[in-house]
Amino acid sequence: MSPAKVSKKPPTQAPKVSEVLEHRWDLSALFKDVEELDKHIANLDKRIKAYEKKYANAFSQLEAGGFKKAMEDYEELSEGISRAMVYVFLIFACDVEKSDLYSKYQLLCSDMAQHLLFVENEFCALESQKQEELIQATPKYAYSLRVLLKQKSHLLSLPEEKVLLATSSVGVEAFSKLFDKTLTALKIPFQDKLISEEEILSELHNPDRKLRKKAQKALTKALKKNELVLTYVLNMVRKDLHINTKLRHYESPESFRHLSNQISQASVDSMLEIVNDNYALVHRYYKIKSKILGYKLKDYDRYAPLETKESPVSYSEALDLVLKAYRDFSPKFAQIVEHAIAHGWVDSHPRAGKRGGAFSDSTVPSAHPFVLLNFTNNRRSVFTIAHEFGHMIHQELSKSVGYLNTNTPLTTSETASVFGEMLLFESLKKNLDKKELRGIYAGKLEDMFSTMFRQVVMTNFERRIHATQEELKAQDFDTIWQEENAKMFGKSLKLTKNYARWWSYIPHFIHSPFYCYAYSYGQLLVLALFGLYRQQNTPAERKAFVETYTNFLSKGGSQSPEELVGMFGLDIQDKEFWKIGMGEVEKMLSEFEALL
Ligand SMILES: [Zn+2]
């Protein structure tokens, strides 16, 4: 296995960012070439089979020392599989033509992974006293083993699970697919063309109000045409969730989600309460937006663009801005960023065959993260860099917790990325003129409303539709949807009758019930941490905060969000914690008002 090549090089001089035009990845921290990958796989395959031979059906006889060794080997072998997998994934991400290579190795890797499945199963099948004994003996894996046990405690017997698995493709999964097929098949008449659902939704950002209204009407009509299917599918999802909650002995329909998010019902309730209590902030914003646009807003005006000024930003300028924001916060963070851009961790620009979007892949702890960007010369792209570099810093800092502890639940996985965006925002504020700032503030506030308040509206909707068991009619869903959304907008914006039907295209309700609140949870958690940072008045206090925050990130997924937040002396179950985050939204809104 190749060691961490790049991260062990001596620290380098800060690169002259302003001279840089474009970055490409250097994947050699993973493998030199496909030949080296093949050797790695041949060797790994042998070792995995030997491991299986030694440990399969033998977990119950393991003593503490033997279990520790078995877990360490398991971690190393699993990491080996991931190293191979991520290498071909990254090649594929930059060149979609390489899909054959990707699927060939995907198959090989999933074959190898099959031979390690027994580890979790055998551990979970042990007597609970024995499990406790082994957990005590391996503190490194204690948290992830406990999470595993909690999740598996809701499994049914093996034959029952097999039946459920075998029939799942004709159960709720089939309805889920039917939903996707129905929506992707939509051809919506608009401006003498037939366009997709995604295209029509993007028309809501059109500066021309008449076109936005037209798009809203057209989508509503298409959704109403499919009322029968869309209503029936949502009812089947409700029934399925109800059956599963009962069969698997969950306390409530949303409990399974809190378990996978690794948080308690009490902390979710506290967060929801604070967001629900603060819709007045949304009302305040849309009243201003209405004043600026000069008419009373309706639902199709939510995303209407405000006239703003924006000057183009070059890639090297963007890097300088992001670096400055991170350096002012923590020299250590800036060092990671400088090292990354000097050593091929970043692929910066769009090109033919490269996938869109942006991500930071943690890869494996024995290598380093890789960041994919599709930089275009606008302000939004600068925020994307700050966002992905935040992920990268988080991933790099948490390498020491080891492969099995790296994954963070959705509730904390966006911490460093959103925090990084806030740092950039703070830093930009000082240098831009009013008109340019107005656009940035409006964009930030609207982003916050949709990741925080809108997701809570969706959760409120879900809580209500899953609270009853009888089949609901389309009009019942309409009423609940409209009532919950009306709370968010109050009198600042009128929801038309058409809008009542807009629950019916939201994929989360179908594919992953009770998923939405995690966005709000993550966002408000970061804002609370950021608010806490801003409350530190002296350099010494700020330094102490940065240390605790760095430590927080370094723990990766080896502790629960509750323990992590506890490092700051705060309680995630307590409403006071969430109020700090809401205070930041208020502050941003007031600053926006002062710009007018
Ligand atoms: Zn992200």
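Visitor: How many bridges join β3 to strand β5?
Guide: Strand β5 covers residues 370-372 and runs parallel to β3; strands (E, at least two residues) and helices (H or I, at least four) are DSSP runs numbered from the N terminus. Residues are numbered from 1 along each chain as its sequence is written. The model is predicted, with local features needing pLDDT of at least 70, side-chain atom pairs counting only at pLDDT 80 or more, and totals for chains, interfaces and linings using all residues. The bridges joining β3 to β5 number two.

Visitor: In what order do the three strands of the open sheet lie?
Guide: Strands pair when DSSP finds at least two bridges between them, and here the pairing is mixed. Both β3 and β4 (359-361) are edge strands, each pairing on one side only. The order is β3-β5-β4.

Visitor: At what angle do helices α16 and α17 pack?
Guide: Helix α16 spans residues 331-342, and α17 (residues 379-397) lies across β4 and β5. Axes are lines fitted to C-alpha atoms, for helices over the stretch in contact (C-beta atoms, placed from the backbone, within 7 Å), and angles run from 0 to 180 degrees between N-to-C directions. The two helices are therefore roughly perpendicular (65 to 115 degrees). Their axes are 10 Å apart, and the angle is about 105°.

Technical notes:
Two residues are in contact if their C-beta atoms, placed from the backbone, lie within 7 Å. Angles under 35 degrees count as roughly parallel, over 145 as roughly antiparallel, 65 to 115 as roughly perpendicular and the rest as oblique.
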